[in-house]
Structures are given as C-alpha cells and as structure tokens.
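Open the model in your viewer and show it as a cartoon. The stops below go from a pocket to a helix, then to a pair of helices and a loop.

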Amino acid sequence: MQDPNEDTEWNDILRKKGILPPKEEPKDDEEEERILQQQSVVKTYEDMTLEELEENEDEFGEDDEAAIEMYRQKRLAEWKAAQMKNVFGDVGEISGQDYVKEVNKAGDGIWVVLHLYKQGIPLCALINQHMSQLARKFPQTKFLKSISTTCIPNYPDRNLPTIFVYLEGEMKAQFIGPLVFGGMNLKVEELEWRLSETGAVKTDLEENPRKQIEDKLMSSIRSSIPTRKDSDSEDE
C-alpha cells in the first residue's frame, strides 16, 4: 500500500484535488516542547479551584490568559450554582406527611432545624420569630416548623417548644421543653449560639451570649452582698 505522506507526483495530484489531506509539516523540537507545555498548563488549571487560579496566576504566560480567564469564569459559575442550589431563607411549614421528604430526605449536606409548636404558647411564638431571623441569616440551613400534634400525634404540650436538628436523616440534637430555652428571656443570639453548637449554622458570635447575661447577673448579686468589713462597721 502506498504511503499517503510519501513525496510522489501522484500524491501531490491527490492532495490538490482534496482526496488526500495536506502533508504534515515536520515539527521541530522546540515547537513540540511548547505544545506539550501548553497542554500541561491547560490540564493544570482545568483542575484548579478559584483560589488556586488566583494563587498561581503569575506562573502562566500571556498566551494562557484567555484560556485561564475562561476557566475562571466557568469555576465561578459552578460555585454560584452550588451556592444557589441549597438556598432557603425562610421558615417552611410542614405536616406529618411531609416529615420524611422535608426532614429525613432533605438532601446531602443539608442541616434541618425543625420547631414543633402550638398556637397560644408564648414561648413557641417567640421561637418562631427568632427562627425567621435565623433563616434569613443562614439561608443554607433549612428551617421548618410544624404544629406538634399535626406532625407527631399526641405529642404532649409540656414538651413544647421542641427543636429537632437533623443532618442527612440523622438527628443530631434536640431541645425539649421551656426550661431548656430559659423561658421568655430567650434572645435570638442565644438560640443562634445553641444551633451553632450542633453544627446547624456557622455563627459569627465569638462567645455564648448567655454567658454575658450570667456574668452581669453574678456581678450584680456580688455587688448587692455586703462585705465582711461593711458588716463589722455596722455592728460597731
């Protein structure tokens, strides 16, 4: 069989008529090395994250800038899509029929905070208000509420309010009854801190706000107790 790359008059005629492809020009060593380097660079930044692209930006040549920018935009679009995928931002209302779908099968990596409540219980109403604020602050966390007996038949009122925290169908924490929440003095920051301790939210609070209240209370108590010196003076 005749070699199509062979330099013959017949092959030249076939090339002119488009029957044979143009003859490949031999590449010198420098050209081949440059192509291999470009392929290596493309493979490198194809696998890079946005942070890695920024860190290694100076290592790429001018010829790579357009391709790198294309991959940067691609990575940015993927990141935005991932961020938007699991955005909630409000408190959803569910019934017992929705429990498995909305709680147990919420999805991979999704934290679920479920509040069991009843109308007419002031602390339940307060926690629902706090939950609305936290849902807006932490849109990646799924906040839900449900009337207790609608969700769990015969659930006792003495256990209200109740908060269950789930991750991928597994209960990670539970807060049951008014004493756990500290009554009507519960602040939204305190609830945020408690949820952050379970892992359900990533708080920017540096310490437990309840500790500040307790420290102020203890300081007030200490200042109101007379010292031994004061007692001795009064006895004289």
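Begin with the largest pocket, which holds about 180 Å³ of space. The model is a predicted one. To find the pocket, select Gly109, Trp111, Phe138, Pro139, Gln140, Thr141, Gly199, Ala200, Val201 and Lys202, which line it. Colour these lining residues by type: 5 are nonpolar, 4 polar and 1 charged. Empty space of this kind is found by rolling a probe the size of a water molecule over the atoms.

Stay on Gly199, one of the lining residues. Gly199 follows helix α9 and has a positive phi, near 100°.

Next, select α9 itself, residues 188–198. Is this helix enclosed or open? Of its 11 residues, 8 are buried, so α9 is largely enclosed by the rest of the structure. Buried here means under 20% relative accessible area. The buried residues of α9 are Val188, Glu190, Leu191, Glu192, Trp193, Leu195, Ser196 and Thr198.

Two packed helices are described by the angle between their axes and the distance between the axes.

Which residues meet where α6 and α9 are in contact? Show side chains for Ile127, His130, Gln133, Leu134 and Lys137 on the α6 side, and for Val188, Leu191, Glu192 and Leu195 on the α9 side. Taken together, the residues of this contact divide into 5 nonpolar, 2 polar and 2 charged. Val188, Leu191, Glu192 and Leu195 are also among the buried residues of α9.

Move on to Asp98, in the loop between strand β1 (91–93) and helix α5 (99–104). Asp98 has 29% relative accessibility, so it counts as partly exposed. Select Ser146 as well and draw a line between the two C-alpha atoms: the distance is 9.9 Å, although Asp98 and Ser146 are 48 residues apart in sequence.

Finally, clear the selection and view the whole chain. How many helices and strands does the protein chain have? There are 11 helices and 5 strands. The chain has 236 residues, and buried residues make up 30% of them. Among contacts between residues at least 6 apart in sequence, 58% join residues at least 24 apart.

Terms used
Residues are numbered from 1 along each chain as its sequence is written. This is a predicted model: local features need pLDDT of at least 70, side-chain atom pairs count only at pLDDT 80 or more; totals for chains, interfaces and linings use all residues. Side-chain values use heavy atoms; hydrogens and water are left out. Axes are lines fitted to C-alpha atoms, for helices over the stretch in contact, and angles run from 0 to 180 degrees between N-to-C directions. Helices (H or I, at least four residues) and strands (E, at least two) are DSSP runs, numbered from the N terminus. Contact means heavy atoms within 4.5 Å. Ala, Val, Leu, Ile, Met, Phe, Trp, Tyr, Cys and Pro count as nonpolar, Asp, Glu, Lys and Arg as charged, and the others, Gly among them, as polar. On a 1 Å grid over the protein atoms alone, a cavity is a set of points where a 1.4 Å probe fits but cannot get out, and a pocket is an open set with protein on both sides within 12 Å along at least five of seven lines; lining residues have an atom within 4 Å of a point. Grid points are joined across faces, edges and corners, and a volume is the space filled by probe spheres set on the points. Buried means under 20% relative accessible area, exposed over 50%, partly exposed in between (1.4 Å probe, protein chains only).
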